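Hello,

The structure is below for you to open. My notes on the helices follow it.

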Amino acid sequence: MSIVWTILIGFVVGLVARAVKPGDDSAGFIVTTLIGIAGSLIVTYVGQSLGWYTAGQGAGFIASVLGAIVLFFVYGLIKRKS
């Protein structure tokens, strides 16, 4: 069940990260959702593995937003090159 929650939180995280990230972002709704889910999954795994926070803490949501913002910057760099 925790993977389902991580994906649902990732959806919301993608929307929040896109709203917070400065600059013009041409990513569509699906790309935004996928980046949010990827950021949430990666940061949840890393943060809990390193003991920064446990499941259900607010720090996990904040870290997921930061992870998604980083992925948006990487996506922007890749898209700009092509």
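Which helix is Ile78 found in? Ile78 sits in helix α3; helices here are DSSP runs of H or I of at least four residues, numbered from the N terminus.

First, the ground rules. This is a predicted model: local features need pLDDT of at least 70, side-chain atom pairs count only at pLDDT 80 or more, and totals for chains, interfaces and linings use all residues. Residues are numbered from 1 along each chain as its sequence is written, and side-chain values use heavy atoms, with hydrogens and water left out.

Back to Ile78. Ile78 is exposed, at a relative accessible area of 57%. Exposed means over 50%, buried under 20%, and partly exposed in between (1.4 Å probe, protein chains only). Ile78 and Thr54 are 24 residues apart along the chain, and their C-alpha atoms are separated by 32 Å.

Next, α2. The 21 residues of α2 (residues 29-49) should span 30 Å at 1.5 Å a residue, and the end C-alpha atoms are 30 Å apart, which agrees. The expected span is 1.5 Å times one less than the number of residues. Buried residues of α2 include Ile35, Gly39, Val43 and Gly47. Their cover includes α1 (2-20) and α3 (58-81). Gly51 follows α2 and has a positive phi, near 80 degrees.

Now the packing of α1 on α2. Their axes come within 7 Å and cross at roughly 120 degrees. That makes α1 oblique to α2. Axes are lines fitted to C-alpha atoms, for helices over the stretch in contact, with angles from 0 to 180 degrees between N-to-C directions. Under 35 degrees is roughly parallel, over 145 roughly antiparallel, 65 to 115 roughly perpendicular, and the rest oblique. Contact (heavy atoms within 4.5 Å) involves residues of α1 including Ile3, Ile7 and Phe11, and residues of α2 including Phe29, Ile37 and Leu41. By class, this contact of α1 with α2 has nine nonpolar, eight polar and one charged residues. Ala, Val, Leu, Ile, Met, Phe, Trp, Tyr, Cys and Pro count as nonpolar, Asp, Glu, Lys and Arg as charged, and the others, Gly among them, as polar.

Last, α1 and α3. Their axes come within 8 Å and cross at roughly 60 degrees. That makes α1 oblique to α3. Val12, Val16 and Val20 are among the α1 residues that meet α3, where the partners include Phe61, Val65 and Phe72. The contact of α1 with α3 divides into 11 nonpolar, two polar and one charged residues.

Best wishes

How values were computed. Helices (H or I, at least four residues) and strands (E, at least two) are DSSP runs, numbered from the N terminus.
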